[in-house]
Amino acid sequence: MGWHVQLHLRAQELLEIEERLARLPTEFVIDHMGRMDVRLGPTQPAFQALLRLLGTGQCWVKLSAPYRIALEGPPYAAVLPFARELLKCNPERLVWGTDWPHPDVAVVPENPDLLDVLLDWVPDAGMRNRILVDNPAKLYRF
C-alpha cells in the first residue's frame, strides 16, 4: 500500500531492534530524533545505530521535539550536535515537526521557538526547504 512505519521509542529500544528494522520490507520513520540521551553525546551506541539506519535510505528521522531530550530550554544547545550529525549523514531523509499538541510534557514549548531552533540547526535555506517541503512531499506522497 506504500505505507511506512512510524516509531516513537527510546534510544535503548532503537539499539535493541536495529537489525529487525533494517530487515523491514518498507520504509520507516524514527520520531523525535530517536529520543537520545544527550548526556551521552553523539558517539553513544544508540545514536550510532540511528545514523546507520538513516544511511540505508530506508529510514527517515523526524527532527521534532528537541525539548523531550534537551537538558535546557530553547535553543536546546545539547541537541545541536545530534541534529548536525543527522544532517551530515543523510539530509534527504530528514523531516521536521513540532510534536503539537506536545502531550505529556511539563512545560509546553512555543511553536515559533521550535522553528527558530531549526533555523539554527540548518542555516542553509536550500537544505531547510528540503527538510520542510521536499522531503515530506516525498515521504507522504503529496
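Predicted model: local features only at pLDDT ≥ 70, side-chain atom pairs only at ≥ 80, totals over all residues.
Good morning. Buried means under 20% relative accessible area, exposed means over 50%, and partly exposed lies in between.

Lys 88, at 62% relative accessibility, counts as exposed.

I shall describe two others, both of which involve the loop between α3 and β4.

In one of them, the side chains of Arg 93 and Glu 27 meet, with a distance of 2.8 Å from N to O. This pair links distant parts of the chain: Arg 93 lies in the loop between α3 and β4, whereas Glu 27 lies in the loop between α1 and β2, and 66 residues separate them. Arg 93 has a relative accessible area of 10% and is therefore buried. Glu 27, at 23% relative accessibility, counts as partly exposed.

In the other, Arg 130 forms a salt bridge with Glu 92, the closest N and O atoms being 2.7 Å apart. Here too distant parts of the chain are linked, since Arg 130 is in helix α5, residues 125–140, and Glu 92 is in the loop between α3 and β4, 38 residues away. Arg 130 is partly exposed, with a relative accessible area of 28%. Glu 92 is likewise partly exposed, and its value is 37%.

I turn now to helix α2, which spans residues 45–55. Which of its residues are buried? They are Ala 46, Phe 47, Ala 49, Leu 50, Leu 51, Leu 53 and Leu 54. The elements that cover them include the helices α1 and α3, together with the strands β2, β3 and β4. Just after α2, Gly 57 takes a positive phi of about 85°.

Finally, let us consider the surface. Glu 110, Asp 113, Asp 116 and Asp 120 form a negative surface patch. Of these residues, Asp 120 has its place in helix α4, residues 111–121. Its relative accessibility is 43%, so Asp 120 counts as partly exposed.

Thank you for your attention.

Definitions and conventions
Residues numbered from 1 in each chain as written. Heavy atoms only, no water. Patch = residues over 30% accessible without salt bridge, like charges linked within 9 Å, V, L, I, M, F, W, Y side chains within 5 Å. Areas by Shrake-Rupley, 256 points an atom, 1.4 Å probe, with all protein chains shown as cover. Salt bridge = Lys/Arg side-chain N within 4 Å of Asp/Glu carboxyl O. Lys, Arg positive; Asp, Glu negative; His and termini not counted. Charge placed at Lys NZ, Arg CZ, Asp CG, Glu CD. Helix = DSSP H or I, 4+ residues; strand = E, 2+ residues; numbered from the N terminus. Buried < 20%, exposed > 50% of the residue type's maximum accessible area, 1.4 Å probe, protein only. Contact = heavy atoms within 4.5 Å.
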